[in-house]
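Here is a friendly walk through how some protein chains meet one another. Have a look at the structure first, then read on.

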Amino acid sequence: MTFSRRQFVGTALTAAVALAVGPGIARAELVDDAINAFTGGADMETGGITLIAPEIAENGNTVPIEVDAPGAESIIIFAAGNPNPSVATFNFGALAGSAAVSTRIRLAGEQEVIAIARMPDGTFKMARQNVRVTIGGCGG
Amino acid sequence: MVTIKKNRLGLMGGAAVAALAFAGTAMADIGDNESLVVNGEIEMVIETDPPEHLQGVFDRIYSGWVFRSDETQAMQADDFENPGMIFADQAREAFDTVMGSEGNSCATCHENPESLADVRSTYPVWDEEHGTVQTVELQVNECMTERMGAEPYGYDSQEMRNMSALISSVGRGRIINVAMDGPAQETWEQGREIYYTRYGLLELSCANCHEQNYGNNIRADHLSQGQINAFPAYRLRNAQLNSVHGRFRGCIRDTRAETFAVGSPEFVALELYVATRGNGLTVEGPSIRN
Amino acid sequence: MAENVTPRVRVPREASAGETVSIRTLISHPMESGQRRDSDGNVIPRSIINRFVCTFNGETVVDVTIEPSVSTNPYFQFDAVVPESGTFTFIWYDDDGSVYEETADIAVN
C-alpha cells in the first residue's frame, strides 16, 4: 500500500459521497429492472420460498446460500448491491428432484440477497435476506 | 477463556498497536466444544496443551479453524466442499508425470503420494546432506533438480502450492511433531528472534497480534494464534491456495515493512519456529481460511 | 483464458428406481468478473463460466444461467430423480468458448 494520507482521505471522501448518492439510487433501479425483466412486473407472494444465507458473511468473495421453492420451475437470485445484481438463474427440468439448490456467491459489501421463484401457474414468490459482510483484518 | 485477556492492556506497547484498536469483544468460538472430523473419518486436534517451550505463554494452543465462522468451518469438513482439494488433485497428476532429463516422475521414487504421509507433520526438518533446514517446498525442488534433472518450481508458484497441498492432504490428521533441537536449534532460535522482532512502520512483531491478541478483533476479523499446521490454506479472500511463506510475507508487509522473500533463510527459520509452536495440533492442509 | 480447469462431480453410484439423489458439482475456474483492474489500471476482461447444465439420459435436471457474481470455483448442489440406470452428463460453458464435460454413471437396483 503506497497511499499517502492525503490520497487516502480524498479517496475515502469520494467513496463516502458516492455511496451516499450515486450508486445507491442507480443500483436500486438496476435491481428493480432486473426483477421486472424476470417477473414482467407481476405481484409476488412471500411464502413458499426459503432463502438461507448467513446473517454475517466472513468474506464477501464466497458466501454460501441455499434456496428452496417447492414446485418452482425456475429460481433467480439477485444481489441487490452488486454492480450487476443478477447472480444466477436456475431452470429446473423434468428430472429435477426438487426446486432447491445451494451455491456460493460474491457480495460487494452488506446488502440484500433476493430469490424469486417462478411457479408453473405463472405466479411468483420472493424471499429476501440481508447479509452483512465482514471487513477483513489486515488481509495479508 | 477469560484468562487469556488478562494481560492484554499491560502488554500493549506503542501508539501503533493502540491505533490498530484490537477490540476485545468477540472471542470467536474458542472453547465451545466444536470438533473437526474431515470426511467423517480424519479427526483433527483443534486445541490442545501447548508444547513445552510455550508453557507460560499459552494455556492452550488452537488451530486457526477455531477462529472461523460456522460456514467457513463447514467447507473444510468435507473434501468435496473444499476447493483446495481440486488443486491437490491437480498435483496428483503432476506427481505421476515424468519431468526433467532423468526420465523420472515423483512416483519413480515415492510410488504414490500416500507414501509421503509423514512429511508434512515433521517439516521443516534438518537436512544432513545439505547442512541446512529444509521446508517441504525446498525438498520438492531438491528432488526436481537433483534427482529428476528438471527445472525447479517457483517457491510460491501455483504448481508448488498444489504439490504442497497434495503432500499435506495425505498427512492430514497426523500430529505435528517438528524437531527444534540438535542441528536445527540454531535455525530455530533465529526463527524465534524474528517472531519477537517488531517490524515496519507499525512496529509490530508476530507476537503482538498472534500471541498477545489472538481471539480479539482486528477490524471485523478474529486474530488467530498464527498457527501454520493448516497450510497451504485456501483463502476465501483470494480464492486460491496460499503458502506459509506467502502468508508470512503478507503479515510483514502489513506492518508496512520491507518483507523477506519467500524461500529466504529468514522465512525458513521463521517457518521452523512457528511450526514448533503448533506441535500437538494436526496437519489440516489444504484448509479453508478467510 | 482459464487454465487447468478441472470439473468435479459427486453422484451416488446406486439408487432405487424413482429415488431422489443429491448431486454436488465444483469446477476450478477464476470467474474473472470484469469488474477488477490490473496494476496498470486497465479493466481485466470478464472471463467466466456462463452456463451449467446437468442432464440424465438426455433429460434436463437443471440448467443454470451464471453471472459474474457467482464465486471463483463455482459450486452447485441440487437434487435429481433417477428413473432408471444411466448416465448423468454435466456441461460447463466458458466465456472463451471452451466447454467442459463430465459424466457419472448410476445403477438402479
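This is a predicted model: local features need pLDDT of at least 70, side-chain atom pairs count only at pLDDT 80 or more; totals for chains, interfaces and linings use all residues.

Residues are numbered from 1 along each chain as its sequence is written, chains are lettered from A and ligands numbered from 1 in the order in which they are written, and side-chain values use heavy atoms, with hydrogens and water left out.

**Two interfaces side by side**

In the table, contact means heavy atoms within 4.5 Å. Buried area is the accessible area (1.4 Å probe) that two parts lose on being put together, summed over both. A salt bridge puts a side-chain nitrogen of Lys or Arg within 4 Å of a carboxyl oxygen of Asp or Glu.

| Interface | Residues in contact | Buried area | Salt bridges |
|---|---|---|---|
| Chain B and chain A | 22 residues of chain B, 14 residues of chain A | about 1,600 Å² | two salt bridges |
| Chain C and chain A | 29 residues of chain C, 26 residues of chain A | about 2,200 Å² | zero salt bridges |

**Where chain B meets chain A**

Carbon and sulfur atoms give 47% of the area buried here between chain B and chain A. The rule finds two salt bridges across this interface. A:Glu58 and B:Arg68 form a salt bridge, with their closest N and O atoms 2.7 Å apart. On the chain B side, helix H3 (70-76) and helix H10 (244-254) each supply at least two residues; helices here are DSSP runs of H or I with at least four residues, strands are runs of E with at least two, and both are numbered from the N terminus. H10(B) gives the largest share of that side, five residues.

Strand E3 (19-27), strand E5 (59-66) and strand E6 (75-82) of chain C each supply at least two residues of the side that touches chain A. E5(C) gives the most, with eight residues.

Strands of a sheet pair through backbone hydrogen bonds, either parallel or antiparallel. Two strands count as paired if DSSP finds at least two bridges between them. Chains A and C have an open sheet of six strands, in the order E2(A)-E4(A)-E7(A)-E6(C)-E3(C)-E1(C), with antiparallel pairing. Strand E2 (50-52) of chain A and strand E1 (7-10) of chain C stand at the edges, each with a single partner strand, so one side of each is left without a neighbour in the sheet.

Strand E7 (residues 96-105) of chain A is joined to E6(C) by four bridges, and A:Thr103 stands opposite C:Phe76. Within chain A, E2(A) and strand E4 (residues 63-68) pair in the antiparallel sense over three bridges; there, A:Ile52 has A:Glu66 as its bridge partner.

**A sheet in chain B**

Chain B has an open sheet of three strands, ordered E10-E9-E11, with mixed pairing. Strand E9 (residues 233-235) and E11(B) pair in the parallel sense over three bridges, and B:Ser287 is the bridge partner of B:Ala233.
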